[in-house]
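This report describes a protein chain, its sheet and its salt bridges. Please keep the sequence and the model in view while reading.

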Amino acid sequence: MFINPSKRQGRKLLLNPQAMHAAVRGAFPPDLNTSEGRVLWRIDSDRDVHTLYIVAPEVPDMTALNEQAGWHTRPAQTADYQPFIDGLRIGQEWCFRLAANPVRSVKGKADRGVVKPHVSVTHQIGWLLDRAERIGVEFLAPEGAEAGELISVSSRSSLEFNRFDRVRDKRGRVNLRRVQFDGMLRVTDRDALSETLVKGIGRGKAYGMGLLTLTRAQSQ
C-alpha cells in the first residue's frame, strides 16, 4: 500500500513507528493466530514514494488504513505468499532487502547482558553475515562489486518515539537504530529461509524491522 504524506495521518504514520504499528495491527482481528508467523511490516521510501509492505498469517483489512493514509485510486494489493514460499529451492539466487535493528549483548553487572546497538557499518554488516546460516542463505557479491562487498547498507536512521508500558503503567522513550540492507543471496536451507520470511529477523519487529523480502535476480 502507498502511504500518502499529504494526509495528516499519512505523515504521522511515516514519522511514528508506534502509530504505524498500531495501524497495521488494527488491520487484523484481535484473535489473529500468530503461532505459524507474526505480523511483519516495513516502509520503503524512494523520494516521495512511501510503500508499506506487510507479511502476516491472514489477509489484512486495509480499508480504514487506506481511507486515512492512502489513495482511493490506489487501494492496497494483497497476494497469497504460500505459493512463493513453496517455490523456494536450494541454489536459487535472489535480490533481497531487509530493514533490521542490529544489536549485541554486552555483559553487565547482572547475569543478563545489556543490549547495545551496533553503530558502525562494518559491525552492522557483520551482524547480518553472522546470521546467514540461521537464515538459510549464503550472501553473494553483486557483479562489479569490490572484493568482500557482499551486502550494501542503503540507509541508516535512529528512531525515537514514546511508548506506553502497560507492565509499569507509564510512558517510556524508545530508541532504535534502523539499518536497511540490500544485496544478493543464494538459498542454502529452504526450511530455514521459509521460516525467516514469515517470522522475521532480529529485534524491533513491531516497529518495522525484521521483514526480509526477495525479488528475482537478473539472471532469472
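In which strand does phenylalanine 2 lie? Phenylalanine 2 lies in strand β1, where helices (H or I, at least four residues) and strands (E, at least two) are DSSP runs numbered from the N terminus.

## Basis and overall composition

The model is predicted: local features need pLDDT of at least 70, side-chain atom pairs count only at pLDDT 80 or more, and totals for chains, interfaces and linings use all residues. Residues are numbered from 1 along each chain as its sequence is written, and side-chain values use heavy atoms, with hydrogens and water left out.

The protein chain contains seven helices and 10 strands. Of its 220 residues, 40% are buried; buried means under 20% relative accessible area, exposed over 50%, and partly exposed in between (1.4 Å probe, protein chains only). The accessible surface of the chain is about 13,400 Å², and carbon and sulfur atoms account for 47% of that surface. Accessible areas come from the Shrake-Rupley method with a 1.4 Å probe; for residues, only the protein chains shown count as cover. Among contacts between residues at least 6 apart in sequence, 68% join residues at least 24 apart, a contact being heavy atoms within 4.5 Å.

## The three-stranded sheet

An open sheet of three strands has the order β1-β3-β2, with antiparallel pairing. Its edge strands are β1 and β2, each of which pairs on one side only. Two strands pair if DSSP finds at least two bridges between them. Strand β1 (residues 2-3) is joined to β3 (residues 49-55) by two bridges, and isoleucine 3 has histidine 50 as its bridge partner in β3. Strand β2 (residues 40-46) is joined to β3 by seven bridges, again in antiparallel fashion. Across this second pairing, arginine 42 stands opposite tyrosine 53, and aspartate 44 stands opposite threonine 51. The hairpin of β2 and β3 has two residues between the strands, and arginine 47 there takes a positive phi near 60 degrees.

Strand β2 is mostly covered, with five of its seven residues buried. Helix α2 (residues 17-25) lies across β1, β2 and β3 and runs at about 125 degrees to β2; axes are lines fitted to C-alpha atoms, for helices over the stretch in contact, and angles run from 0 to 180 degrees between N-to-C directions.

Phenylalanine 2 is partly exposed, at a relative accessible area of 36%. Together with Val49 and Trp71, Phe2 forms a nonpolar surface patch with about 250 Å² of accessible area. Patches are made of residues with over 30% relative accessible area and no salt bridge; like charges are joined within 9 Å, and nonpolar side chains (Val, Leu, Ile, Met, Phe, Trp, Tyr) within 5 Å.

## Salt bridges

The structure holds eight salt bridges, each defined as a side-chain nitrogen of Lys or Arg within 4 Å of a carboxyl oxygen of Asp or Glu. Three of them are listed below.

| Salt bridge | N to O distance |
|---|---|
| Aspartate 44 and arginine 42 | 2.7 Å |
| Arginine 186 and glutamate 93 | 2.9 Å |
| Glutamate 138 and arginine 186 | 3.0 Å |

Salt bridges with shared partners join Arg42, Asp44, Arg97 and Asp182 into one network. Arginine 42 is buried because its relative accessible area is 2%, and aspartate 44 also counts as buried, at 11%.

Arginine 186 of strand β9 and glutamate 93 of strand β4 (residues 93-100) are 93 residues apart. Glutamate 138 of strand β7 (residues 137-140) is 48 residues from arginine 186. Arginine 186 counts as partly exposed at 26% relative accessibility, as do glutamate 93 at 23% and glutamate 138 at 36%.

Is leucine 185 buried or exposed? Leucine 185 is buried, with a relative accessible area of 1%, and is placed in strand β9 (residues 170-187). Its contacts, not counting residues up to four places away in sequence, include Trp94, Phe96, Val137 and Leu214. Leucine 185 and phenylalanine 139 are 46 residues apart in sequence and 4.3 Å apart in space, C-alpha to C-alpha.

Asparagine 162, in strand β8 (residues 151-165), is partly exposed at 42% relative accessible area. Leaving aside neighbours within four places in sequence, asparagine 162 is in contact with Gln18, Arg171, Gly172 and Arg173.
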